[in-house]
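Dear colleague,

I am handing over a structure for you to look through, and below it I have written out what was found. Please read the notes with the model open beside them.

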Amino acid sequence: MSASWPAGLTLLIVAMSGVLGLAIGSFLNVVVYRVPMYLSVVSPPSACPRCGAQIAPRDNIPVLSWLLLAGKCRTCKTSISARYPLVEAGTALAFVAVTSRMLSGPSDAGVASELLILTGFLYLVAISIALALIDLDVHRLPNPLVLPSYVVGAVLLGSAAALSGDLAAVLRAGAGLAALWVAYFILALAYPGGMGFGDVKLAGVLGLFLGFLGWGELAVGAFAAFLLGGIYAGGLLVSGRATRKSGIPFGPWMLIGAWVGIFFGGWLWTGYLSVLGVI
């Protein structure tokens, strides 16, 4: 557990983050459905797409309502996709995992700084889930989700670094943002059919968050995206489910790779340098 947090308080925060994740996951279902169609995510209230019946508060409880309704609309009995409760439950689990990750291990950052860092990475969880699903659905990474993430990340992580006096983290975050943005921009120019500018903009966001944590997290997160995406694409080619001209969204693999870097980057990078005899 973190030196800044008593064990009991840490467990309470982890549990609360899971409950928050359920609520955020419910909202993400709205975001994933409406943002690609340029619709407001706050109004009108959620309704059944078939009969138009507004969803009552009792039928809008994450996961539980779907189970009690047996996955069907209360009014017209139309089936409701299982993706809705899976997104809610998955977001809750992701929030728990990230909170445990951010509050684990010794830290001299201070309580306020750690809370800001945690908030920033929980935000990254939310947009990661939304962007991955949207990219899978419509092969786009919408600007209304990607571009504000630069501001949110810079404000939260920058404030955390200012409170803890960690100037190095700010410099790494800026370098990570620039490095991944430039790298993906070059790839987008070199391979316009395989890399879009939505990927370029997302790369900058991921570089910001990964760089803030460390060089190892940045390097592993960047590499893992291409490794995992390449394995997936190769599997599709071998199985005949895609050709070399098939459009495969890369955003989800960028996001998965980034989270590999966040959780395992420091450890993998240290092991790699150890094998090379650098450390």
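**Cysteines**

Cys48 is buried, at a relative accessible area of 10%, and the model in which this value was computed is a predicted one. The cysteine sulfur closest to that of Cys48 belongs to Cys76, and because the two sulfur atoms are 3.7 Å apart, they are too far from each other for a bond, the cut-off for a disulfide being 2.5 Å. Cys73 also counts as buried, with 9% relative accessibility, and its sulfur has its closest cysteine sulfur in Cys76, at 3.7 Å, which is again too far for a bond. The structure as a whole holds zero disulfides.

**The largest pocket**

The space in the largest pocket comes to about 930 Å³, and its lining is made up of 22 nonpolar, 11 polar and four charged residues.

**Helix α3**

The buried residues of α3 are Pro85, Val87, Glu88, Thr91, Ala92, Phe95, Val98, Thr99 and Met102, and what covers them includes α1, α2, α4 (111-138), α7 and α9.

**The second largest pocket**

The second largest pocket holds about 710 Å³ of space. Its lining consists of 30 residues, and the closest of these to the centre are Gly194, Met195, Ile248, Pro249 and Phe250. Two or more lining residues come from each of α7 (197-213) and α8 (215-239), with α8 giving the most, at five residues. By residue class, the lining of the second largest pocket divides into 14 nonpolar, 11 polar and five charged.

**The enclosed cavity**

How many cavities of 30 Å³ or more does the structure hold? There is one, and about 50 Å³ of space lies in this largest cavity. The residues that line the largest cavity are Leu180, Tyr184, Ala203, Leu206, Leu210, Gly221, Ala222, Ala225, Met254 and Ala258, and the elements that give two or more residues to this lining are α6 (167-190), α7, α8 and α9. Nine of the lining residues are nonpolar and one is polar, with no charged residue among them.

**Leu276 in helix α9**

Helix α9, which also gives residues to the lining of the largest cavity, covers residues 251-276 and includes Leu276. Is Leu276 buried or exposed? Its relative accessible area is 52%, so Leu276 is exposed, the cut-off for that class being over 50%. The C-alpha atom of Leu276 is separated by 50 Å from that of Met37, and the two residues are 239 apart along the chain.

With best regards

Note on methods: Residues are numbered from 1 along each chain as its sequence is written. This is a predicted model: local features need pLDDT of at least 70, side-chain atom pairs count only at pLDDT 80 or more; totals for chains, interfaces and linings use all residues. Side-chain values use heavy atoms; hydrogens and water are left out. On a 1 Å grid over the protein atoms alone, a cavity is a set of points where a 1.4 Å probe fits but cannot get out, and a pocket is an open set with protein on both sides within 12 Å along at least five of seven lines; lining residues have an atom within 4 Å of a point. Grid points are joined across faces, edges and corners, and a volume is the space filled by probe spheres set on the points. Ala, Val, Leu, Ile, Met, Phe, Trp, Tyr, Cys and Pro count as nonpolar, Asp, Glu, Lys and Arg as charged, and the others, Gly among them, as polar. Helices (H or I, at least four residues) and strands (E, at least two) are DSSP runs, numbered from the N terminus. Buried means under 20% relative accessible area, exposed over 50%, partly exposed in between (1.4 Å probe, protein chains only). Contact means heavy atoms within 4.5 Å.
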